[in-house]
Protein chains: 2
Amino acid sequence: MPLPELELIRRIRRAANQGARNPGVGIGDDCAILPVPRGHELLVTTDFSLDGVHFRRDWHPPDSIGHRCLARGLSDIAAMGGTPHSAFLSLALPADLPQRWVDDFLRGFLKLAKQYKVQLGGGDTAQSPAGVLADIIVVGSVPTGKAILRCGARPGDLIYVTGTLGASVATLQELRRGKKFWPVTQPRHFYPDPRLTVGRYLREHKLATAMIDTSDGLSTDLRHVCDESRVGATVEAAALPHTQADASLQFALHGGEDYELLFTAPPDKRIPKSIDGVPLTHIGAITRARQIKLKSPEGSSQPLLPGGWQHFA
Amino acid sequence: MPLPELELIRRIRRAANQGARNPGVGIGDDCAILPVPRGHELLVTTDFSLDGVHFRRDWHPPDSIGHRCLARGLSDIAAMGGTPHSAFLSLALPADLPQRWVDDFLRGFLKLAKQYKVQLGGGDTAQSPAGVLADIIVVGSVPTGKAILRCGARPGDLIYVTGTLGASVATLQELRRGKKFWPVTQPRHFYPDPRLTVGRYLREHKLATAMIDTSDGLSTDLRHVCDESRVGATVEAAALPHTQADASLQFALHGGEDYELLFTAPPDKRIPKSIDGVPLTHIGAITRARQIKLKSPEGSSQPLLPGGWQHFA
């Protein structure tokens with residue numbers, strides 16, 4: 001391990017231990033050691049954040065890249081109705097990357113970690129063959145048997161989403177056209193807030209039968225739920241929540257990286273209008289027929305095919 | 001998520017479920033769900049395997065790269081005296097990589113996983129901006145409070161290593177010079193066997209006070225143990241086990257990626273000559289004075305500075 005890596009580990013360890021609940025054993029030994037709450041199961045999720053694939057250093061400030069890197073993992077925990085405990089960060093950096101960039105990346109990462117009481121438990125560092133490469137691992141827990149899976153949707157269930165759809169890809173489209181943003185004005189793209197409180201509320205109140213986060217876009221993520229649950233769905237185009245003027249229906253249907261929650265609930269469950277200040281919107285229903293249809297305001301319907309999220313390719 | 005990724009996930013899921021103990025929830029949902037044995041703590045480790053940094057596709061066959069990728073994580077679990085349960089693989093691949101390569105990589109990965117009853121629990125896939133990029137996460141467990149840490153070495157403890165040192169970097173040096181190998185003839189480089197049985201034996205029999213795996217090379221890894229334990233050490237050059245004719249003392253001292261175990265034990269503990277067929281060699285002692293010294297067969301001594309492992313840079 002070359003000395004610059006040791007220095008990076010030292011900086012990460014120092015940064016991570018500021019405000020940590022239990023510094024304990026973690027960065028610096030071969031493995032992190034984590035206690036597991038009694039009666040709970042473990043949740044583990046991993047997500048790459050790769051230069052030129054998931055972000056671009058000329059578009060995204062380093063603290064946004066750090067925030068988004070962790071938000072991807074936290075959003076997966078939210079989608080199970082779980083509580084995150086620890087994050088592990090594997091970070092490969094080009095030799096010529098300014099130290100300032102790394103500090104700002106970590107600042108964005110750790111600010112979000114602190115907000116959700118997530119401890120940076122360890123990770124790996126390496127010199128990168130190409131750009132900044134990060135892999136985030138988040139470990140959380142959920143009471144045994146209570147995780148909200150993708151496979152629980154039943155015909156007749158209603159479909160809901162949190163927040164709004166398409167805002168992230170709308171910003172991305174403008175970045176592609178060369179527009180510069182003051183990042184805080186576009187928080188759903190630069191600093192998405194993972195819906196942990198909503199996910200946990202839905203689990204604790206036994207409201208949701210299936211759940212996923214909209215990381216790949218509604219059309220793709222709803223397809224995942226339908227495939228795993230062996231059902232179909234009808235989505236009402238007019239119901240889709242897209243408040244931004246520049247976020248068209250196409251963005252709301254296919255745009256990814258919104259990190260909202262998409263969930264299903266039986267029709268007799270009373271779903272709140274909002275949870276923790278995040279609006280919930282009824283957008284459709286689960287069907288027995290295994291197709292996904294988009295219904296226009298005029299009543300005609302067409303197949304909704306997964307458009308998916310092509311990142312920055 | 002572009003369709004080729006879905007196809008890759010399907011292939012990984014299919015491969016992972018062959019021979020899995022509990023298919024359970026894993027690949028295909030937002031998070032993997034893992035049960036945790038009662039009275040146990042969790043071990044988590046992450047390690048990059050990056051094209052041109054940790055391996056080279058023109059030197060290493062894909063099944064060796066898959067094997068080494070997982071071995072890195074398993075070796076970290078061994079170094080805590082733990083038992084591995086699940087692995088998570090984040091894999092970014094260049095668009096033009098032949099499917100055959102991926103299949104062979106997974107074959108090497110899963111063969112080792114099966115050997116140690118490790119289940120592939122999930123991961124992430126992406127298109128790579130440069131070469132093959134893998135990040136391996138291994139989750140294991142250890143009875144609560146029983147992990148063997150780096151910080152437990154005490155003055156007077158004796159220092160031991162498993163197996164032999166320097167063989168991996170000796171092979172690497174030959175690869176650098178253009179030599180071609182039949183990989184199975186150089187197993188410590190191409191197919192290193194993580195010392196899980198030895199690590200667990202040492203923990204169960206309460207023999208070791210501190211332990212680390214020799215992934216960065218003896219001089220660097222012993223330094224980690226001494227730093228964390230706030231002690232020094234004397235290493236006997238003549239005692240170092242390097243059986244290969246071409247593995248010089250320098251390779252044994254500084255070569256990395258041997259994935260042997262380096263541990264300390266009180267002088268009154270009887271350490272077996274071998275465990276599970278792996279020889280254990282007494283190579284030195286822990287000292288109160290916080291320096292690391294190398295003692296020559298003639299009795300003179302000199303400081304042993306961390307040489308470290310520079311990978312393929």
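This is a predicted model: local features need pLDDT of at least 70, side-chain atom pairs count only at pLDDT 80 or more; totals for chains, interfaces and linings use all residues.
**Two copies, one shared surface**

In this structure, 100% of the interface residues of chain B are also interface residues in chain A, so the copies meet through the same surface.

First, the symmetry. Chain B is superposed on chain A by a rotation of 180° with 0.0 Å of shift along the axis, at an RMSD of 0.0 Å. The two copies are thus related as by a two-fold rotation axis. Which residue of chain B comes closest to that rotation axis? That is A130(B), with its C-alpha at 3.0 Å.

Strand β1 of chain A, residues 32–34, is joined to β2(B) by 3 bridges, and the two run antiparallel. Within that pairing, I33(A) stands opposite L43(B).

Next, helix α7 of chain A, residues 218–229. Its 12 residues reach 16 Å from first C-alpha to last, close to the 16 Å expected at 1.5 Å a residue. Is this helix mostly covered or uncovered? Mostly covered: 10 of the 12 residues in α7(A) are buried. The run from L218(A) to C226(A) is buried, and S229(A) is as well. What covers the buried residues of α7(A)? The covering elements include the strands β7 (210–213), β8 (232–236), β9 (261–265) and β12 (292–295), along with helix α8 (249–254), in chain A. After α7(A) comes R230(A), which has a positive phi, near 55°.

That leaves β8(A), one of the strands covering the helix. In a regular strand the side chains alternate between the two faces of the sheet. In β8(A), the covered face holds A233(A) and V235(A), while G232(A), T234(A) and E236(A) make up the uncovered one.

β8(A) has pairings with two strands that I want to show. With β11(A), residues 278–287, there are 4 bridges and the sense is antiparallel. With β12(A), there are 4 bridges and the sense is parallel. T234(A) takes part in both: A285(A) stands opposite it in β11(A), and K293(A) is its bridge partner in β12(A).

Notes. Residues are numbered from 1 along each chain as its sequence is written. Chains are lettered from A and ligands numbered from 1 in the order in which they are written. Two strands pair if DSSP finds at least two bridges between them. The expected span of a helix is 1.5 Å times one less than its number of residues. A residue is buried if 20 or more other C-beta atoms lie within 10 Å of its own, exposed if 12 or fewer, and partly exposed in between; C-beta atoms are placed from the backbone. Two residues are in contact if their C-beta atoms, placed from the backbone, lie within 7 Å. Copies are superposed by least squares on the C-alpha atoms of residues with pLDDT of at least 70 in both.
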